[in-house]
Amino acid sequence: MNTIDIKSYMQSVGQEARAASRLVAKADTAAKNRALTAMAQAIRRDEALLLAANAKDLDNARAKGLEASMIDRLTLSAKGVATMAEGLLQIAALADPVGEISGLNYRPSGIQVGKMRVPLGVIGIIYEARPNVTADAAGLCLKAGNAAILRGGSEAIHSNQAIAACVKEGLRSAGLPESAVQVIETTDRAAVGELITMKDFVDVIVPRGGKGLIERIANEARIPVIKHLDGVCHVYIDDQADFDKAIRIADNAKTQRYGTCNTMETLLIHEGIVEKILPALSKIYFDKGVELRGDAAARGIVAQIKEATEQDWYEEYLAPILSIRVVDGLDQAIDHITKYGSQHTDAIVTENYTHARRFLREVDSSSVMVNTTTRFADGFEYGLGAEIGISTDKIHARGPVGLEGLTSQKFIVLGDGQLRQ
Ligand SMILES: NC(=O)C1=CN([C@@H]2O[C@H](COP(=O)(O)OP(=O)(O)OC[C@H]3O[C@@H](n4cnc5c(N)ncnc54)[C@H](OP(=O)(O)O)[C@@H]3O)[C@@H](O)[C@H]2O)C=CC1
Ligand SMILES: N[C@@H](CCC(=O)OP(=O)(O)O)C(=O)O
């Protein structure tokens, strides 16, 4: 497609999405659930097709020499296909947020004032090359009564188009418009430029990605944005931490999965406990092939730790690399997180109640945790059913975004002929 074709293609995607959004906003819960169930059935039935499409994407990705974390995200296994279908069924089982009325109270004038939960309209989502996001985002947007325009990472184009066919089949079979979920068919980034400026057709943009994407969105978007940015996540081991808990948490936060945005990238350790804990922790990391980069104090204790540069503290490795800094207390830990973190997810390990409370209050991240792993920052783990991603923005939705984050509330007023005096 040339530039003119992309513009007109995106205009038509936008127009269709706007028209579909009006229909899905008023669709009843049963129809939306039928569509979600049919999508799940189509995905299960088409497992072989989806895996073949994914194999094509993986071949291309390997030929391009993509990093291990990218390949990990991109890979769909049979289990991954089953999980995607299961996710759609779980979304079907969630309560429908649309139309929920809350806080309806009588005013002295006799009117009743309350709030009704309503869809946002058309949501444009730009995300990494992770095929399951296509199904999750389609399902969540539909259940929340929105139309979605999905632009996944270009490496996943074949997988995404195969999933899109199952999504469309599900919509069709439930009598809902197919254009309620549209997966953009071109990998040309000019389509992203169009999507983020089509203010007549798109109500909200959700960008999930790294700094390059966000920079473009910040410069060009003409539509409200809910940013889902990178995770420079920290675990701080306090001097009053339980030794075994600290070891298990620091291990899990780094090594349970390297490529996700909620993986720990920097470990902060109190100087009062570092000599005891760092040798044991380093052994665990080295045994799992994790490269450690530390400050002088950490390297003074474990000689195999490489030297960390200033840039390391800002780094989201998404890989088996961890930076380690020794701090003199809670204040220095919080200062470090404030300076180098990305306001995504940070955790403290401590048995000290006051330190835990201060950490919760003073660390300004979308999830702040006590005595557990940053890997828990996830919509499913938080009980939201699934997630669009983890918002690193502060307004509208913060942290894992599920159905509620894809809706807003309007005031409703019920009267019986009352007039304002
Ligand atoms: N907070 C959260 O919920 C999440 C955050 N992330 C973050 O995303 C990053 C990893 O994903 P990665 O794939 O590397 O992210 P990228 O930002 O490179 O890519 C994400 C998406 O944005 C597109 N994109 C990137 N730059 C531009 C641009 N200048 N113009 C138009 N489109 C663009 C990509 O398209 P193309 O395919 O053309 O490159 C892709 O669709 C990490 O930083 C991770 O933490 C990831 C998932 C969830
Ligand atoms: N919340 C999800 C991860 C979302 C996420 O990080 O995506 P990505 O950065 O593409 O791996 C989880 O905990 O597995």
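**A buried strand, cross-chain salt bridges and a ligand shell**

Strand β11 (residues 321–327) sits largely enclosed by the rest of the structure, because six of its seven residues are buried. Buried here means under 20% relative accessible area, exposed means over 50%, and partly exposed covers what lies in between (1.4 Å probe, protein chains only). Helices (H or I, at least four residues) and strands (E, at least two) are DSSP runs, numbered from the N terminus. This is a predicted model, so to speak of local features pLDDT of at least 70 is needed, and side-chain atom pairs count only at pLDDT 80 or more, while totals for chains, interfaces and linings use all residues. Residues are numbered from 1 along each chain as its sequence is written, chains are lettered from A and ligands numbered from 1 in the order in which they are written, and side-chain values use heavy atoms, with hydrogens and water left out.

As for partners of β11, strand β8 (residues 264–270) pairs with β11 in the parallel sense over five bridges, pairing being called when DSSP finds at least two bridges between two strands. Along this pairing, Ile269 stands opposite Val326 in β11. Strand β9 (residues 291–294) also pairs with β11 in the parallel sense, over four bridges, and here Arg293 faces Ser323 of β11.

Turning to charged pairs, the whole structure holds 27 salt bridges, each a side-chain nitrogen of Lys or Arg within 4 Å of a carboxyl oxygen of Asp or Glu. One of them joins the side chains of Lys245 and Glu351 (2.8 Å, N to O). That pair ties together distant parts of the chain, with Lys245 in helix α10 (residues 243–255) and Glu351 in the loop between β12 (345–349) and α14 (353–362), 106 residues apart. Lys245 counts as partly exposed at 27% relative accessibility, and Glu351 is partly exposed too, at 46%.

Another salt bridge brings Glu310 and Lys339 together (3.9 Å, N to O). Glu310 lies in the loop between β10 (306–307) and β11, Lys339 in helix α13 (residues 330–340), and 29 residues separate them. Glu310 has a relative accessible area of 43%, so it counts as partly exposed.

Loop meets loop in the bridge between Arg398 and Asp364 (3.0 Å, N to O). Arg398 belongs to the loop between β14 (389–391) and β15 (399–401), Asp364 to the one between α14 and β13 (367–370), 34 residues apart. Salt bridges that share partners also join Glu291, Arg293, Lys306 and Asp312 into one network.

On the ligand side, 26 residues surround ligand 1, the closest being Tyr127, Ser154, Arg189, Glu316 and Ile390; a residue is counted if one of its heavy atoms lies within 4 Å. Helix α9 (211–220) and strand β14 each supply at least two residues of this shell, and α9 gives the largest share, three residues. Polar contacts are pairs of N or O atoms within 3.5 Å; within protein, one must be able to donate a hydrogen and the other to accept it, and residues adjacent in sequence count only if both atoms are side-chain atoms. A polar side-chain atom of Arg151 lies 2.8 Å from an oxygen atom of ligand 1, while a backbone N or O atom of Ile390 lies 2.7 Å from an oxygen atom of the ligand. Taken alone, ligand 1 exposes 890 Å², and the protein buries 87% of that (Shrake-Rupley method, 1.4 Å probe; for residues, only the protein chains shown count as cover).
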